[in-house]
Amino acid sequence: MRLDRLEKLNRQIADHGIDCLALVPGANLFYLTGLSFHLGDRPTVALVRPGRPLALVLPALEAPKVDGLPDVQPYLWTDQEGYLPAFERACAELRLVGARIGVEAFTMRVVEAGLLEQCAPECRILPADGLVSALRMRKDPDELQSMRRAADLAQRALSATLEQFRPGMTERELDATLRTSILMTGAEDVSFDPIVSGGPNSANPHARPTDRPVGSGDYLLFDWGVRVDGYFSDITRTFPVGEMEPEMRRIYELVKEANADGREAVRPGVTCGAVDAAARSVIESAGYGDCFTHRTGHGLGLQVHEPPFIVAGNEMVLEPGMTFTIEPGIYLAGRGGVRIEDDVVVTESGAETLTTLRREWAPIG
Ligand code: CO
Ligand code: CO
């Protein structure tokens, strides 16, 4: 249990105009309690009501995880009994009839929201995604240590993968090599299904690996990361294979410059939108603005995508401890694409880049 974090949250719940915050398994619940559960077919909900212990409705088979935890009131249900009685007991004891209940609108499902409405008649369900994510945005030194290690292990995994690269390997074979390398570093898991795309497929920012062999004239793009202590890294590097057309070389240098200028713009007091503009203007002024089809970056931590979002129009002001990606790209349909993605943390005076893999043009194969 992170009682310091729960205390902060309790103060914010009152300020937010809600009576109670309902959380489902995921990053927010992990941040507050250190507990991980499945968001599966056995409904599990934590109810944070200021002035009371955290109420946790959970399947009885998960009881060992909460045994002896301070400030947790478990409401266990068994597969035989079903979950409705436990939700009824929790909602009655927390007096949630007619309460304003904040929920994670992007995560909570109809099943959990329906149980709350059924067991707390006349309650109002309100989106409150920002409550815990605001607390999570500024990372403490321990969290940053985990993120540094996540960056370090991801980089080692890529180096091991590149050592095994031979022209003619398929995207799927390279994907398998990368995944194996990630697990062999001792990381907990991959951050997400890696993107390993070659040639024309690299022009698709969210490509899936195919059986196409990667050969001369192709870009080979890796977008991958690992999880350490629950924290993610998210990196992209793009490698030319053999001989490349001059324009393909040119877009590489532009993306590299946009990445550098984006990272250079990061410091306390600057808006997220200004960081996006710093990276984007390099690509726009070279005439490739239409080929940079996504935001410059996203917050990174216990989730791969979390606030702050580095996107045009976002007036959120950067503060020390915030962690996010800088990942400009240029995608030429039918030919190939380049993306260079780094993970940064805002410091007191500027920024530190957690990812250190070289970004220079580096032909392979
Ligand atoms: Co990525
Ligand atoms: Co990313």
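1. Lining residues are sorted here by type: Ala, Val, Leu, Ile, Met, Phe, Trp, Tyr, Cys and Pro count as nonpolar, Asp, Glu, Lys and Arg as charged, and the others, Gly among them, as polar. By that division, the lining of the second largest pocket has five nonpolar, four polar and seven charged residues.

2. On sources: the model is predicted, so local features need pLDDT of at least 70 and side-chain atom pairs count only at pLDDT 80 or more, while totals for chains, interfaces and linings use all residues. Residues are numbered from 1 along each chain as its sequence is written, chains are lettered from A and ligands numbered from 1 in the order in which they are written, and side-chain values use heavy atoms, with hydrogens and water left out.

3. The second largest pocket holds about 320 Å³ of space. A pocket is an open set of points on a 1 Å grid over the protein atoms alone, where a 1.4 Å probe fits, with protein on both sides within 12 Å along at least five of seven lines; lining residues have an atom within 4 Å of a point. Grid points are joined across faces, edges and corners, and a volume is the space filled by probe spheres set on the points. Of the 16 lining residues, His 206, Asp 223, His 298, His 305 and Glu 327 lie nearest the centre of this pocket.

4. Donors are N, O and S atoms within 2.8 Å of the metal (3.2 Å for Na, K and Ca); water is not among the atoms, so sites may look incomplete.

5. Asp 234 coordinates both cobalt ions, which are 3.0 Å apart. Asp 234 is buried, with a relative accessible area of 3%, and Glu 327 is buried at 9%. Buried means under 20% relative accessible area, exposed over 50%, partly exposed in between (1.4 Å probe, protein chains only).

6. About 640 Å³ of space lies in the largest pocket. Its lining has 30 residues, and Gly 26, Ala 27, Asn 28, Arg 136 and Gln 303 are the closest to the centre. Domain 1 (3–136) and domain 2 (141–353) both contribute to the lining, so the largest pocket lies between them. The domain bounds come from an automatic or database domain assignment.

7. Some backbone details deserve a look. Pro 307 and Pro 308 are joined by a cis peptide bond, with omega about 5 degrees. Arg 95 has a positive phi, near 50 degrees, and is exposed, with a relative accessible area of 64%. Glu 122 has a positive phi near 65 degrees and is exposed at 71%. Most residues other than glycine have a negative phi, and most peptide bonds are trans.
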